[in-house]
Amino acid sequence: MKRQLILEDGTIFIGTGFGSEVQSIGEVVFNTGMTGYQEILSDPSYCGQIVTLTYPLVGNYGINRDDFESITPAIQGFIVKEVCDHPSNFRSQSSLDEFFKAKNIPGLAGIDTRKLTRIIRQHGTLKGAICGMDVNVEEVVASLQTVSLPTDQVKQVSTKSAYPSPGRGHRVVLVDFGMKHGILRELNKRNCDVIVVPYNVTAEEVLRLSPDGIMLSNGPGDPKDVPEAIEMINGVLGKVPLFGICLGHQLFALAGGADTERLKFGHRGSNHPVKDLATGKVAITSQNHGYTVNEESLNNTRLTVTHKALNDGTIEGLKHLDYPAFTVQYHPEASPGPEDANHLFDQFIDMIKTSKKVGEEVCQNA
Ligand SMILES: NC(=O)CC[C@H](N)C(=O)O
C-alpha cells in the first residue's frame, strides 16, 4: 500500500508501507551501518525517532531471537530503500514486515534513503511523519513545525524497578537510561554481579547496594532532560569507580560542570573513527548520538578529553582528573559494529580492582 514520509520542511517521499499502518511522527535520523538493522531498530536510544538506513537492502536475514538490544523497539518508524520480503537465514524467525506489524510500528520502503540522508545532512535533523496518502499535507507540515516532541524518553525506556543479573565477580550497579543489552552482556561476560537500576535512582540508593563499580548506560533524548541523574552522579563520584557510555558520558560531563549541545545531524553508524589522545591509536567505533559535549565548557572543570572523533573533531571520551571515572561517547559494546573498543570494559574492571586494592591498603594502614 502506498504511504508517505512528510518532512517539516515540506519535502515528501512516497513509497510503500510495511509493518503497521498507524501514523507516527518523530525526529528523522539516518544510520550508515551496512548491517545490524535488528540491533539498530531495537536500540532504546532511538526512542521517539524515525530511523532511516543508507544501506539499500534491509531485512535479508530477518528478525531472530538473539540480536535484540531491548525487548521492544522504541522507534517511531523505520525507512528503507528496499525491504526484503523473504528473509533467508537459519536464525530468522520473521520478516521485518511481520515483526513491525506485531509491534505496531510503521515502516516505509521504496524511497531514496540516500536523498533523504542528504537532506538531513544539509538542513540538520528534521521532524517527520509517516502517514497514508489521504492526509492533508499542508496540515501535517504545519503541525510538524509547531509540535514539540516528548522529553521523557528516558523514563519511557528505563526499567521501572531494579533487578539483578547475578555473577560471582565485582558488583556493578548499572543505571539504565535506556540500556542496550550489549552492555549487560559485556559485564556478564566478565562475571560481574550486576544490579540494573532505574534512571531516577538516588546516590544513596546506589551506595546502599555496595557497588564495586557504577556503569552509566546509553539512552535516548537530550541529557539535560535527566537532571535527577546529574545529581545522582555527583553523589557517587569519587566514592565508587565509574564508567559511562553515550548518554552516560553526556550526563557525566554535565555533572562535572561542563555543557552539552546538539549536533547538526548526529553520528549514527558502525564505522566512526575515534582517536585515543594518549596512545594515538584509532578505533573504528559504533555510534548513535545527536548531542555532544561542548569542548570549551570543560575549561574550568576537573574533566579532561581522552578521545576525539576524526570525522569532525568532537569529543568522544572524558576522564576525571581526581577520581576513577571515565566515559565514552561511542559504543564499546558495539551491537552492531566493530569491537575495537571492547577493551574499555576490561579497563573498567581493572579500575575497580585498583580501587579495591587501594581501599584494602587504606584499611590495613588505619
Ligand atoms: N546512544 C546514546 O546514548 C545517545 C545519547 C543521546 N540521546 C544523544 O542522542 O546524543
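Where is Pro336 found? Pro336 lies in the loop between strand 19 and helix 10, where helices (H or I, at least four residues) and strands (E, at least two) are DSSP runs numbered from the N terminus. What you have open is a predicted model, in which local features need pLDDT of at least 70, side-chain atom pairs count only at pLDDT 80 or more, and totals for chains, interfaces and linings use all residues. Residues are numbered from 1 along each chain as its sequence is written.

**Stop 1**

Select Ser335 and Pro336 together, and look at the peptide bond from Ser335 to Pro336, which is cis, with omega near 5°. Ser335 is in the loop between strand 19 and helix 10, and its phi is near 50°, a positive value in a residue other than glycine. Ser335 is buried, with 24 other C-beta atoms within 10 Å; a residue counts as buried if 20 or more other C-beta atoms lie within 10 Å of its own, as exposed if 12 or fewer, and as partly exposed in between, with C-beta atoms placed from the backbone.

**Stop 2: the annotated active site**

Next select Cys246, His331 and Glu333, where UniProt, in an unreviewed entry, places the feature "active site"; UniProt positions are given in the numbering used here, feature names are shortened, and annotations may be inferred rather than shown by experiment. Although these residues are spread over 88 residues of sequence, they cluster in space, with a largest C-alpha distance of 11.2 Å.

Colour His331 on its own, and you will find it in the loop between strand 19 (325–328) and helix 10 (343–365). His331 is buried, because 28 other C-beta atoms lie within 10 Å. Leaving aside neighbours within four places in sequence, His331 is in contact with several residues, among them Asn218, Cys246 and Asn288, where contact means that two C-beta atoms, placed from the backbone, lie within 7 Å.

Glu333 has its place in the loop between strand 19 and helix 10, and it is buried, with 26 other C-beta atoms within 10 Å. Not counting residues up to four places away in sequence, Glu333 touches Lys180, Gly182, Ile183 and Glu186.

**Stop 3: helix 6**

Helix 6 is followed by Asn191, whose phi is positive, near 65°.

**Stop 4: around the ligand**

Now show the ligand and select the residues around it, which are Ser45, Asn218, Gly219, Pro220, Gly221, Cys246, Leu247, Asn288, His289, Gly290 and Tyr291; a residue is near a molecule if its C-beta atom, placed from the backbone, lies within 6 Å of it. Which strand gives the most to the shell around the ligand? It is strand 16 (residues 282–293), with four residues. By class, the shell has four nonpolar, seven polar and no charged residues, where Ala, Val, Leu, Ile, Met, Phe, Trp, Tyr, Cys and Pro count as nonpolar, Asp, Glu, Lys and Arg as charged, and the others, Gly among them, as polar.

Compare this selection with the "binding site" that UniProt lists in an unreviewed entry, namely Ser45, Gly219, Gly221, Leu247, Gln250, Asn288, Gly290 and Tyr291. They span 247 residues in sequence, yet no two of their C-alpha atoms are more than 13.1 Å apart, so they gather at one spot.

Within that list, Leu247 is in helix 9 and is buried, with 32 other C-beta atoms within 10 Å. Leaving aside neighbours within four places in sequence, Leu247 is in contact with Ser45, Phe177, Asn218, Gly219 and Pro223. Gly290, in turn, is found in strand 16, and it counts as buried because it has 20 C-beta neighbours inside 10 Å.

**Stop 5: helix 8 and helix 9**

Finally, follow Leu247 into its helix and display helix 8 (residues 227–236) beside helix 9 (residues 247–255), whose axes come within 9 Å and cross at roughly 70°; the axes are lines fitted to C-alpha atoms, for helices over the stretch in contact, and angles run from 0 to 180 degrees between N-to-C directions. That makes helix 8 roughly perpendicular to helix 9, since angles under 35 degrees count as roughly parallel, over 145 as roughly antiparallel, 65 to 115 as roughly perpendicular and the rest as oblique. Ala229, Ile230, Ile233 and Asn234 of helix 8 meet Leu251, Phe252, Leu254 and Ala255 of helix 9 in this contact, which by class has seven nonpolar, one polar and no charged residues.
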